[in-house]
Amino acid sequence: MPERPLIIAATIAAITVAAPARAATIQITTSNLVFSPTEATAKVGDTVELVNKDVLVHTATARNGDFDVNMPAKKTVSFVVKKPGMVEYYCRFHPNMKATLKIEP
Ligand SMILES: [Cu+2]
């Protein structure tokens, strides 16, 4: 069966080409009024999942206005990052909660 290795090679090539386009999910947690990790990295098109483990409502509010996400108590919400940049964000209800999201193009 001489054609078989060719099919395998083609399949591997297809997977290799498809892989970089796949968007990732980055998880950021709030627990005891702290964002974790305080520095996360994502790429444009990735999904950021915000997991609020506290019994309080938080927000993830970008200082540059790129996003402002409400985080209900004990809930997980997500959003897709659209613009590259070094984005500092905080919680509007607890301004001491601060973190940075590095968004690569
Ligand atoms: Cu908060």
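**Note on the salt bridges and the copper site**

1. Lys43 is partly exposed, at a relative accessible area of 44%. This residue pairs with Glu104 in a salt bridge, with the closest N and O atoms 3.8 Å apart. Glu104 lies in strand β9 (residues 98-104) and Lys43 in strand β3 (residues 39-43), so the bridge ties together parts 61 residues apart in sequence. Glu104 is also partly exposed, at 26% relative accessibility. Lys102 joins in: Lys43, Lys102 and Glu104 form a network of salt bridges. Note that this is a predicted model.

2. The structure holds five salt bridges. One of them joins Asp66 to Lys83, with closest N and O atoms 3.0 Å apart. The two residues sit in loops: Asp66 between β5 (58-62) and β6 (68-71), Lys83 between β7 (76-80) and β8 (85-90). They are 17 residues apart. Asp66 is partly exposed at 31%. Lys83 is partly exposed at 48%.

3. Arg92 and Asp68 form another salt bridge, the closest N and O atoms being 3.1 Å apart. Arg92 is in the loop between β8 and β9, and Asp68 is in strand β6, so the pair connects parts 24 residues apart in sequence. Relative accessible area is 40% for Arg92, which is partly exposed. Asp68 is partly exposed too, at 44%.

4. Now the metal. The copper ion has His58 (ND1), Cys91 (SG) and His94 (ND1) as protein donors, 1.9 to 2.2 Å from it. The donor spacing in sequence is H-x32-C-x2-H.

Methods
Residues numbered from 1 in each chain as written. Predicted model: local features only at pLDDT ≥ 70, side-chain atom pairs only at ≥ 80, totals over all residues. Heavy atoms only, no water. Donors = N, O, S within 2.8 Å, 3.2 Å for Na, K, Ca; no water. Salt bridge = Lys/Arg side-chain N within 4 Å of Asp/Glu carboxyl O. Helix = DSSP H or I, 4+ residues; strand = E, 2+ residues; numbered from the N terminus. Buried < 20%, exposed > 50% of the residue type's maximum accessible area, 1.4 Å probe, protein only.
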